[in-house]
Amino acid sequence: MDAAVDPTAGQFDLNEDQRAIQEMAEAFAQDRVAPNALEWDKQRHFPADVIRETGPLGLGGIYVRDDVGGSALGRLDAVLVFEALSKACPGFASFISIHNMATWMIDRFGNEEQRQRLIPKLTSMEWLASYCLTEPGSGSDAAALKTRAVRSGGNGSDYVVNGAKQFISGAGDSDVYVTMVRTGQDGPKGISTLVVPKDAPGLSFGAVESKMGWHMQSTRQVIFEDCKVPAENLLSDEGAGFGIAMSGLDGGRLNIAACSLGGAQSALDKAVSYTAERKAFGQAINQFQALQFKLADMETELQAARIFLYTAASKLDRKAPDAGKWSAMAKRFVTDTGFNVANDALQLHGGYGYLHDYGIEKLVRDLRVHQILEGTNEIMRVIIARALIGR
């Protein structure tokens, strides 16, 4: 466990298996991801080969049942994994999170034939998965999505899908797209979920978006033009899609918060090292009280975020009645804190923090989007407030 974390901290005293999981993920990240992260960012390279290496480690289906190759772990276990991976690269860890969310949806809501047909190739990372919910005209208002799927073929054996999804991580690189489509009336009750293979006729992808961070991930539109998808790829029933989409978000919010936590921890570690080495006015700059106070605040806030996140993950594992509210609170608090800590770390580096080779500016860019995706932090406040006032 990170030296800054007290391993005897009450309910978060990790057991032997959790320590092994954490150490395995951190060792892989430091060996295979950290040495390459800056170059991947610079070249905007999607490291599919390294991502696939996580499959044999059990990271392709962290909380998927073990009969289809999953690791059958809990949400706190997953948080430990994503925190460890993101110390090397938040963008890398975030894609593993997205893949896991899509795979879990098939495991949780698919029938036995779908589970056995699709999931083993996802848990092994032979196939990579993306999640398609957001559209050009519907972001936070997910129930307003327009992508439509209509039954066709003999006995309704296929769906024909038309529409587009926006901001899809892994688009064009992933092999499977868990996609929310409209099969019925307007609103949440008309939404269904299809598993769309990359080779589906009529499926195409937009240009790679030029974006602020997460450069190692391709982000594109996913475009459906009379796209033909077998009806056997419908998860659950028609009309169940909105519930499927929402069910994945609590875990996704915890995962992205963990990615913020790990990235911010890396930024703080860099700041502690840099301020010990950098000299000004005849002494290391960490001897100036103003900088000491800043480091103290960064450490305090990051530890508070860690405890908050672990508490929320534990609640989701226990299926506590308030787990959804805690997931929203953790996502809001941890992603805001993570970005602020990384930004403060850049400031402590002075002009060097602005240089790519020091790795701090990449962390700031990568962590900024965490305050937007998996539900913006403004939407998290709506969820929390509604839970408080009973709506």
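Ser236 is partly exposed, at 34% relative accessibility. Here buried means under 20% relative accessible area, exposed means over 50%, and partly exposed falls in between (1.4 Å probe, protein chains only). The model is predicted: local features need pLDDT of at least 70, side-chain atom pairs count only at pLDDT 80 or more, and totals for chains, interfaces and linings use all residues. Residues are numbered from 1 along each chain as its sequence is written, and side-chain values use heavy atoms, with hydrogens and water left out.

Ser236 sits in the loop between strand 8 (234-235) and helix 7 (241-277). Helices (H or I, at least four residues) and strands (E, at least two) are DSSP runs, numbered from the N terminus. The phi of Ser236 is positive, near 60°, and this residue is not glycine. Most residues other than glycine have a negative phi.

## Asp226: a strand residue

Asp226 belongs to strand 7 (residues 219-230). Its phi is near 50°, again a positive value in a residue other than glycine. Asp226 is exposed, at 55% relative accessibility.

Asp158 is part of strand 3 (residues 158-169). Is Asp158 buried or exposed? Asp158 is buried, because its relative accessible area is 12%.

Contact means heavy atoms within 4.5 Å. Leaving out residues up to four places away in sequence, Asp158 touches Val150, Arg151, Ser152, Gly153, Lys228, Val229, Pro230 and Ala231.
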